[in-house]
Amino acid sequence: MTVHTYDKANSILEIRSRDGSADPVRPRIARLRSRLAAASGGRFDAVVLRACEDLLDEPIDDSLPRFALRPHVQVEVDRLPDSWLPRYLFYRYRYEVYPAARLLDDFPPCLQVEPTGICNYRCVFCYQTDQVLTAPANGHLGMMSLDLFRRVIDEAEGRCEAVTLASRGEPLMARDIDAMLAYAAGKFVALKVNTNAWFLDERRARALLDADLNTLVFSVDAAEPELYSRLRVNGKLDRVLANVEAFARLREREYPRARVVTRVAGVRVGDGQDIADMERLWGGLVDQVAFVDHVPWERTYEQPPSGVDAPCSDLWRRMFVWADGRVNPCDVDYLSTLSPGRLDDNDSLMSLWTGERYRALRQEHLAGRRDRTSPCGRCNLV
Ligand code: SF4
């Protein structure tokens, strides 16, 4: 039997990207490598140097997976000043190579922060359809306080370059989203937001454009109203389209130098989703249009055993912080059964990432025993 795996490193199935490569990256990488080779260098420099050597086809260590910049990532690099390039490579190398090589240091390469766990949609492929998650009495979902958000950002700043504001809920519904974006602005080279764009009014559009985002993803799976509403239950394509159009006009008019790469990304769940149709509708409004693979999030705990025994890369790539401060290794486990704990007076993000619960979970995966842990044994993510 063929086992369908969700390969997190290659989750984009199709992408159409505006060509943005006016400034070829290779000479910039070569200049950076010369500078680093002349420096004495600590851990940060060593990681960046390895990234440069790989990109210049002169790897320092042949035993490690090779690092490369895929075209849609190169667009992000093209928009960065040279002074930010080392931080970007530090992020991207750790994000891609560390999970593949099972390398670990004291902080996750990427932090996924949930400004709110609440969502106005009930997409057919999403865990928001599970009433165990959404019933208020169960207490899984809520709004992150601004104080907690500041604490997360303060600990991440300088340790991690990739922070995504999104997880189980719709971030633009968060009560303090404007203040959160303002607080995180300028602190991370790869600040990202995923949104369904339903609440993308002018105030929030300005907050996003002022936040110096690296990537802004509009989660949209269809180019026809009927299909859109069938997949994105409670959503209407015309409102989302109008919001994204208004965002694009505002950006063009008032933020022409914003580096943010915008992407319409849909979950590929079946027939009728055509990338050419998507490009026709969205291509003039955003930098990239893509389809990503589907993880069966909506029924995680009822899935049959997946048969996958390869370790899950997310255990080396990302850590999630829920709205109430609970930390989790992933959002496939949306009910937090794998949670190593909570950000509180006793535990920091770093202590949880390097702590015993995470260590034991990684060990089970490395030993080929993820089937003994729920829901990892039912999950197809590698
Ligand atoms: S459920 Fe387990 S295997 Fe699946 S993404 Fe989460 S940690 Fe990885």
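## Two packed helices

Helix H8 (residues 202-210) packs against helix H10 (residues 237-254) at an angle of about 50°, and their axes lie 10 Å apart. That angle makes H8 oblique to H10. The crossing of the two helices, H8 and H10, is right-handed. The model is a predicted one.

Which residues make the contact? From H8 come Glu-202, Ala-205 and Leu-209. From H10 come Ala-246, Phe-247, Leu-250 and Arg-251. Sorted by class, the contact of H8 with H10 has five nonpolar residues, two charged residues and no polar ones.

## Around the ligand

The ligand is surrounded by 13 residues. The closest are Cys-312, Cys-330, Cys-376, Cys-379 and Leu-381. What classes make up this shell around the ligand? Ten of its residues are nonpolar and three are charged. None is polar.

## A cis peptide bond

The peptide bond from Ser-374 to Pro-375 is cis. Its omega is near 5°. Pro-375 sits in the segment after helix H14 (356-366).

## Two positive phi angles

Arg-102 is not a glycine, yet it has a positive phi of about 55°. Arg-102 lies in the loop between helix H4 (85-101) and strand E2 (110-113). Arg-102 counts as partly exposed because it has 13 C-beta neighbours inside 10 Å.

Asn-234 is not a glycine either, and its phi is positive at about 90°. Its place is in the loop between helix H9 (225-231) and H10. Asn-234 has 13 C-beta neighbours inside 10 Å, so Asn-234 counts as partly exposed.

Conventions
Residues are numbered from 1 along each chain as its sequence is written. This is a predicted model: local features need pLDDT of at least 70, side-chain atom pairs count only at pLDDT 80 or more; totals for chains, interfaces and linings use all residues. A residue is near a molecule or strand if its C-beta atom, placed from the backbone, lies within 6 Å of it. Ala, Val, Leu, Ile, Met, Phe, Trp, Tyr, Cys and Pro count as nonpolar, Asp, Glu, Lys and Arg as charged, and the others, Gly among them, as polar. Axes are lines fitted to C-alpha atoms, for helices over the stretch in contact, and angles run from 0 to 180 degrees between N-to-C directions. Helices (H or I, at least four residues) and strands (E, at least two) are DSSP runs, numbered from the N terminus. Angles under 35 degrees count as roughly parallel, over 145 as roughly antiparallel, 65 to 115 as roughly perpendicular and the rest as oblique. A crossing is left-handed if the near helix is turned anticlockwise from the far one by less than a right angle, and right-handed if clockwise. Two residues are in contact if their C-beta atoms, placed from the backbone, lie within 7 Å. A residue is buried if 20 or more other C-beta atoms lie within 10 Å of its own, exposed if 12 or fewer, and partly exposed in between; C-beta atoms are placed from the backbone.
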